[in-house]
Amino acid sequence: MEKNDQHIILKTKDLSIGYKTKKAQNLVASNINIELHKGELVGLVGGNGIGKSTLLRTLTNVQNPLGGEIIIANKNINQFPELDLAKVMSLVLTEKLMSKNLSVFELVALGRQPYTNWVGNLSENDLNIINRAITQTNITDLKLKKCFELSDGQLQKVMIARALAQDTDLIILDEPTTHLDMYHKAYILKLLQRLAKETNKTILFSSHEVDLAIQLCDKLIVMTKENVVSDTPCNLISNGVFDSLFPKDLITFDVKTGTFRVKK
């Protein structure tokens, strides 16, 4: 069955991203046309400095596009008041926590802020959603711990739980595997894959772990100097997109194994 517009969670139309100053405009990428569908795990990959963070900041309304449109839930992103946007899109950023003295439960509970009244009282429904998010991310045993007691991998799971507690159709993560070892990189991305399937939420993340993203994602957004391409990993491999991802003097892409190899 083909996915129709009702299943499109985020869509861009001829999007251009970059930076404006009073004197000039620095274009990072243009003609970006992507569609993210309900229940998909989508990886955003590309070389260092290619503009992945700029694209994520633009998609999340942190910075303005240079041109084009961003449509979320069939509505232009500019039409959302800040509180309403927080009810359709949740973010997991790489920035340090302001207070690691919070307990795991308290941090996850912050995901309910868009829905609570001005004094922040949690209803029974809020508590059920918080506890469900804690269970879904396998952190029940950490519930009463303080955040400063957690490892980087544990803290990343807590941040994902907070995004789940926000109960949005779209979750966007900026490099969720940074500072993690290979096991925990794979664990976090497998967790995101499972959550996308179980919750039917759309999960978009940026990553340098291209090999893992190829194996686990339903769709990839690949940024190169020439363009931004979005498709399934199989189609991207068939079309030779990964051949141009990195300079060929050191790294090549093996089509048969779907992995990158260092030249000997």
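**Figure 1. Helix 5 and helix 6 cross in the right-handed sense.** This close-up, like those that follow, is taken from a predicted model. The axes of helix 5 and helix 6 (residues 182–199) come within 11 Å and cross at roughly 20 degrees. Angles under 35 degrees count as roughly parallel, and helix 5 is therefore described as roughly parallel to helix 6. On the side of helix 5, the contact is made by Gly 153, Gln 156, Lys 157, Ile 160 and Leu 164. Helix 6 contributes Tyr 187, Ile 188, Leu 191, Leu 192, Leu 195 and Thr 199. Sorted by class, the residues of this contact comprise seven nonpolar, three polar and one charged.

**Figure 2. Helix 4 passes helix 5 in a right-handed crossing.** The axes of helix 4 (residues 124–136) and helix 5 come within 8 Å, and the crossing angle is roughly 140 degrees. Helix 4 and helix 5 are therefore oblique to each other. Ile 129, Ile 130, Ala 133 and Gln 136 of helix 4 meet Ala 161, Leu 164 and Ala 165 of helix 5 in this contact. By class, six of the residues are nonpolar and one is polar, while none is charged.

**Figure 3. Strand 8 and strand 9 pair in the parallel sense.** Strand 8 covers residues 170–174 and strand 9 covers residues 202–206. Five bridges join strand 8 and strand 9. Within this pairing, Asp 174 stands opposite Ser 206 of strand 9.

**Figure 4. Strand 12 and strand 13 form a hairpin.** Strand 12 (residues 251–254) and strand 13 (residues 259–262) pair in the antiparallel sense over four bridges. Four residues lie between the two strands, and Gly 258 in the turn has a positive phi of about 70 degrees. Ile 251 stands opposite Val 262 of strand 13. Phe 253 has Phe 260 of strand 13 as its bridge partner.

**Figure 5. Phe 242 and Phe 253 form a tilted aromatic pair.** A pair of aromatic rings is described by the distance of the centres and the angle of the planes. The structure holds five aromatic pairs, including the one shown here between Phe 242 and Phe 253. For this pair, the centres are 5.1 Å apart and the planes make an angle of 35 degrees. Phe 242 belongs to the loop between helix 8 (233–238) and strand 12, whereas Phe 253 belongs to strand 12. The pair links distant parts of the chain, the two residues being 11 residues apart.

Key
Residues numbered from 1 in each chain as written. Predicted model: local features only at pLDDT ≥ 70, side-chain atom pairs only at ≥ 80, totals over all residues. Heavy atoms only, no water. Pairing = 2+ DSSP bridges. Axes fitted to C-alpha atoms, helices over the stretch in contact; angles between N-to-C directions. Parallel < 35°, antiparallel > 145°, perpendicular 65-115°, else oblique. Left-handed = near helix turned anticlockwise from the far one by under 90°. Contact = heavy atoms within 4.5 Å. Nonpolar A, V, L, I, M, F, W, Y, C, P; charged D, E, K, R; others polar. Phe/Tyr/Trp six-rings, centres within 6.5 Å; stacked < 30°, edge-to-face > 60°.
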